[in-house]
Amino acid sequence: KYTPQINDIYIVKSGATTGVSAIVEEKIKFQIWSPLAALRFNDHKVLPKFALYVIKSNYFLRQIENAWSYGTQQNIGMRVIEKLKIAFPSLDEQQSIIEQLDTTCSQVDSTIDTKQKQLETLAKYKQSLIYEYVTGKKTVPNA
């Protein structure tokens, strides 16, 4: 049997979310579903977070898309995943890339959060305006 560990990476192997990946960040007991591929890297050669960034990259996802098969839904097998190409620089360079990506991704996520809050505020304002005009609390000025 397989026992999940911190820093294991999972990739969805079948269905609409084929190629979506995540990393185990907490030590909790759980079982994995068979349409998940579990990847565990040698941490003397590959930093897990770097591997996750690579697996989430367009380069890797395109390899998955080019390799998956179709039945009623897309599917990719473990033998195919084993053959996908990934280049790993030195551990120092991996760490440097992780730090840069963490900073940039954090900034992008923050910007997205800010914009989503602005959109929510505008949607509420729009609903309020519609309500006020429909109920007659506001009138359309003469043109």
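Guide: Helices (H or I, at least four residues) and strands (E, at least two) are DSSP runs, numbered from the N terminus. With those terms, the chain holds four helices and five strands, and from the N terminus on they follow the order β-β-β-α-α-β-β-α-α. This is a predicted model, in which local features need pLDDT of at least 70 and side-chain atom pairs count only at pLDDT 80 or more, while totals for chains, interfaces and linings use all residues. Residues are numbered from 1 along each chain as its sequence is written, and side-chain values use heavy atoms, leaving out hydrogens and water.

The part to look at is Lys-13, which sits in the loop between strand E1 (9–12) and strand E2 (21–23). Lys-13 is buried, a word that stands for under 20% relative accessible area with a 1.4 Å probe, protein chains only; in the chain, buried residues make up 24% of the 143 residues.

Leaving aside residues up to four places away in sequence, Lys-13 touches Thr-18, Ser-34, Pro-35, Leu-36, Ala-37, Gln-74, Asn-75, Ile-76, Met-78 and Ile-81, where contact means heavy atoms within 4.5 Å. Across the chain, 61% of the contacts with a separation of 6 or more are between residues 24 or more positions apart.

Key
Buried < 20%, exposed > 50% of the residue type's maximum accessible area, 1.4 Å probe, protein only. Lys, Arg positive; Asp, Glu negative; His and termini not counted. Salt bridge = Lys/Arg side-chain N within 4 Å of Asp/Glu carboxyl O.
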